Amino acid sequence: MANFALLFLITCLSSSDRYSFNNGVHRFWLYSTDKPHTPSSQTKPRCEIQIGGYDYSSGVWQFEGEAYIPSGTTATSIMQVFGGSFRATTIMLRVYDDSITVYMSPVVLSNTYN
């Protein structure tokens, strides 16, 4: 493994209210009634982690994570990687009506609620 210096930048409504790190696991959670991550943001509620030190421009990298998607969630991003050549992101996984999609299509996983 390469010797990387990691930088974790957490932005949430309040880090202690919506983020925890225990036993090597980063956990975020949001509620539909939460405010955006900054007072000036026009986005819906969100929480982000930026991991520095693993910046790349070639090769193959793997990200692994779990997400709990409550019933009724739709039009919501659950993961994105910035730095695309044709878009602002390389990939964005979104939830639409009980399915996870890459951007708006294709569907990559159905029956995701609860």
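This is a predicted model: local features need pLDDT of at least 70, side-chain atom pairs count only at pLDDT 80 or more; totals for chains, interfaces and linings use all residues.
Which residues make up the largest nonpolar core?

**The whole chain**

Begin with the entire protein chain in a cartoon display. Of the 114 residues in the chain, 20% are buried. Among the contacts with a separation of 6 or more, 29% are between residues 24 or more positions apart.

Select residues 19-22, which form strand S2, together with residues 25-28, which form strand S3. The two strands run antiparallel and are joined by four bridges. Within this pair, Asn-22 stands opposite Val-25 of S3. Now select Asn-23. The hairpin has two residues between its strands, and Asn-23 takes a positive phi near 50° there.

**The four-stranded sheet**

Select S5, S6, S7 and S8. These four strands form an open sheet in the order S5-S6-S7-S8, with antiparallel pairing. S5 and S8 (107-110) stand at the edges: each has a single partner strand, so one side of each is left without a neighbour in the sheet. On average, neighbouring strands of this sheet are turned by 15° against each other, with direction ignored.

Turn next to the pair S5 and S6. Six bridges join these antiparallel strands. To see one of the facing positions, select Val-81, which stands opposite Ile-91 in S6. As a general point while viewing strands, the side chains of a regular strand alternate between the two faces of the sheet.

**The nonpolar core**

The opening question can now be answered. Select Ile-69, Met-92, Leu-93, Val-95, Ile-100, Val-102 and Tyr-103: these seven residues make up the largest nonpolar core. Strands S6 (89-96) and S7 are the elements that give two or more residues to this core. S6 gives the most, with three residues. In soluble globular proteins, nonpolar side chains tend to be buried together.

Stay with Tyr-103, which lies in the loop between S7 and S8. Is Tyr-103 buried or exposed? Tyr-103 counts as buried because its relative accessibility is 17%, under the 20% limit for a buried residue. Its phi is near 55°, a positive value in a residue other than glycine. Beyond its neighbours within four places in sequence, Tyr-103 is in contact with Arg-87, Thr-89, Thr-90, Ile-91, Met-92, Arg-94 and Tyr-96.

**Around strand S7**

Select Ser-99, which belongs to strand S7 (residues 99-102). With a relative accessibility of 12%, Ser-99 also counts as buried. Not counting residues up to four places away in sequence, Ser-99 touches Arg-94, Val-107, Leu-109, Ser-110 and Thr-112.

Move to Asp-97, placed in the loop between S6 and S7. Asp-97 has a positive phi of about 45° although it is not a glycine. Its relative accessibility is 59%, so Asp-97 counts as exposed; the cut-off for an exposed residue is over 50%.

Then select Ser-105 and Pro-106. A cis peptide bond joins these two residues, with omega about 10°. Pro-106 is located in the loop between S7 and S8.

**The loop between S4 and S5**

Finish with two residues of one loop. Select Thr-73, in the loop between strand S4 (48-52) and strand S5 (76-82). The side chain of Thr-73 reaches the backbone oxygen of Pro-70 at 2.8 Å. Which residues does Thr-73 contact when its neighbours within four places in sequence are left aside? They are Val-95, Asp-97, Asp-98 and Tyr-113.

The last stop is Ala-67, also found in the loop between S4 and S5. Ala-67 is exposed, with a relative accessible area of 53%. Select Trp-29 as well and display the C-alpha atoms of the pair. Ala-67 and Trp-29 are 38 residues apart along the chain, and their C-alpha atoms are separated by 9.5 Å.

Methods:
Residues are numbered from 1 along each chain as its sequence is written. Side-chain values use heavy atoms; hydrogens and water are left out. Buried means under 20% relative accessible area, exposed over 50%, partly exposed in between (1.4 Å probe, protein chains only). Contact means heavy atoms within 4.5 Å. A polar contact is a pair of N or O atoms within 3.5 Å; within protein, one must be able to donate a hydrogen and the other to accept it, and residues adjacent in sequence count only if both atoms are side-chain atoms. A nonpolar core is a set of buried Ala, Val, Leu, Ile, Met, Phe, Trp, Tyr and Cys residues joined through side-chain atoms within 4.5 Å. Two strands pair if DSSP finds at least two bridges between them. Axes are lines fitted to C-alpha atoms, for helices over the stretch in contact, and angles run from 0 to 180 degrees between N-to-C directions.
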